[in-house]
Amino acid sequence: MTDTGARGAGPAERAQHAGDGGPAPAGGDPRGRQRMSAKRKQSAVLRLLRGEDLELVSRELAVTAAELTAWRDAFLTAGEASLKTRPADGRDVEIARLKAKVGDLTMANELLDAKIERMETGRPLARRRSRP
């Protein structure tokens, strides 16, 4: 029986056997796990929120408890943020229209100010009439 271990092998062969069973999978995770889709993460988080045990879900999905906790926290934070925004209504359309109008008027005023300044700097002061 031949020894396939690293004992008599050169550096190149030892490097091949150094990992835990060969090259890393295409997903890039060195632990051999595939990436979880957003749908699967959501499902796992919902299981936790419904009261399933963290360790049980962690073992079943081959994910660390820390990762599951981070997913849950991110899920809850995003949900909280979405509840803080108010729904759009007719006032938002009117506000957007008025903001656009204010912007147009401001630009027109600035252009007129620049034009007046150019005209005033181009001619000397008006002559005064002498008093009789």
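Which side chain meets that of glutamate 60 in a salt bridge?

A: This is a predicted model, in which local features need pLDDT of at least 70 and side-chain atom pairs count only at pLDDT 80 or more, while totals for chains, interfaces and linings use all residues. Residues are numbered from 1 along each chain as its sequence is written, and side-chain values use heavy atoms, with hydrogens and water left out.

The partner of glutamate 60 is arginine 47, at 3.1 Å from N to O; a salt bridge here is a side-chain nitrogen of Lys or Arg within 4 Å of a carboxyl oxygen of Asp or Glu. This pair links distant parts of the chain, 13 residues apart: arginine 47 belongs to helix α2 (residues 38-49) and glutamate 60 to helix α3 (residues 54-61). Helices are DSSP runs (H or I, at least four residues), numbered from the N terminus.

Arginine 47 also forms a salt bridge with the side chain of glutamate 52, at 2.9 Å from N to O. A further salt bridge joins aspartate 73 and arginine 72, at 3.8 Å from N to O. Shared partners join Arg47, Glu52 and Glu60 into one network.

Arginine 47 is buried, because its relative accessible area is 16%. Glutamate 52, at 33%, is partly exposed, and glutamate 60, at 53%, is exposed. By the salt-bridge rule, the count comes to 5 salt bridges.

How values were computed
Buried means under 20% relative accessible area, exposed over 50%, partly exposed in between (1.4 Å probe, protein chains only). Helices (H or I, at least four residues) and strands (E, at least two) are DSSP runs, numbered from the N terminus.
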